[in-house]
Amino acid sequence: MRTWLVRGVVLAVVHAIAAVVVAALRAGDPTGQAGVEALVLGVLVGVAAVWAAVDAWRGVADRARAWVLTALIAGWGAGVLSVIGRAVFVDQTGTSALGQALTGGAAFTALLVLVPAGLGLLVGTRLESRSAVPAEPEQSTADETAPSPRVRRSPLITPAPAVRRHRTGLTPRPRPTPRDD
């Protein structure tokens, strides 16, 4: 099975569970759940970001495309599953809520997966490049580490030639003399 499909289904289930729990809490106390909603939203963002960072750190092939497909699957799956979950556990939501869940709700969930996943991929790629430090060289003998007798010059600093020539190359260029003003 494709990894993006597995990720999409898992994230769809996680988002649907979060939506059903928030809807159930909101049904019990409509005004007192702002902190819980923010916490749940932060956890959902964190799950996508950390999972994408781990994928990038592990060097998963074609990870950007996989996360776009994951976001689409998670959006539509969470929309359907949240309507089913609210219908069963919260307030007997009907099929009339399915249209909104598959358009606006799915788009919001897809962005809630895609944007943190993009940031996670960026961070994971940075971690991957830092962890790809080459191994330390093996112990060498004293002959291999001895300095070479060749004089090394910096490529940025070159000595000036003794005589500079004009563009024609035939006569030396006259040097300016200081003036007494």
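**Exercise 1.** Identify the residues that are linked in a network of salt bridges.

*Solution.* Step 1: apply the criterion, in which a salt bridge is a side-chain nitrogen of Lys or Arg within 4 Å of a carboxyl oxygen of Asp or Glu. Step 2: the network of salt bridges comprises Arg7, Asp55 and Arg58. Step 3: within it, aspartate 55 and arginine 7 pair through their side chains at 2.8 Å, N to O. This pair links distant parts of the chain, 48 residues apart, with arginine 7 in helix H1 (residues 3-28) and aspartate 55 in helix H2 (residues 34-58); helices are DSSP runs (H or I, at least four residues) numbered from the N terminus. Step 4: aspartate 55 and arginine 7 are both buried, that is, under 20% relative accessible area with a 1.4 Å probe, protein chains only.

The model is predicted: local features need pLDDT of at least 70, side-chain atom pairs count only at pLDDT 80 or more, and totals for chains, interfaces and linings use all residues. Residues are numbered from 1 along each chain as its sequence is written, and side-chain values use heavy atoms, with hydrogens and water left out.

**Exercise 2.** Determine which parts the salt bridge of glutamate 37 and arginine 26 ties together.

*Solution.* Step 1: the closest N and O atoms of glutamate 37 and arginine 26 are 2.8 Å apart. Step 3: glutamate 37 has a relative accessible area of 30% and arginine 26 one of 41%; each is partly exposed (between the buried limit of under 20% and the exposed limit of over 50%).

Technical notes. Helices (H or I, at least four residues) and strands (E, at least two) are DSSP runs, numbered from the N terminus.
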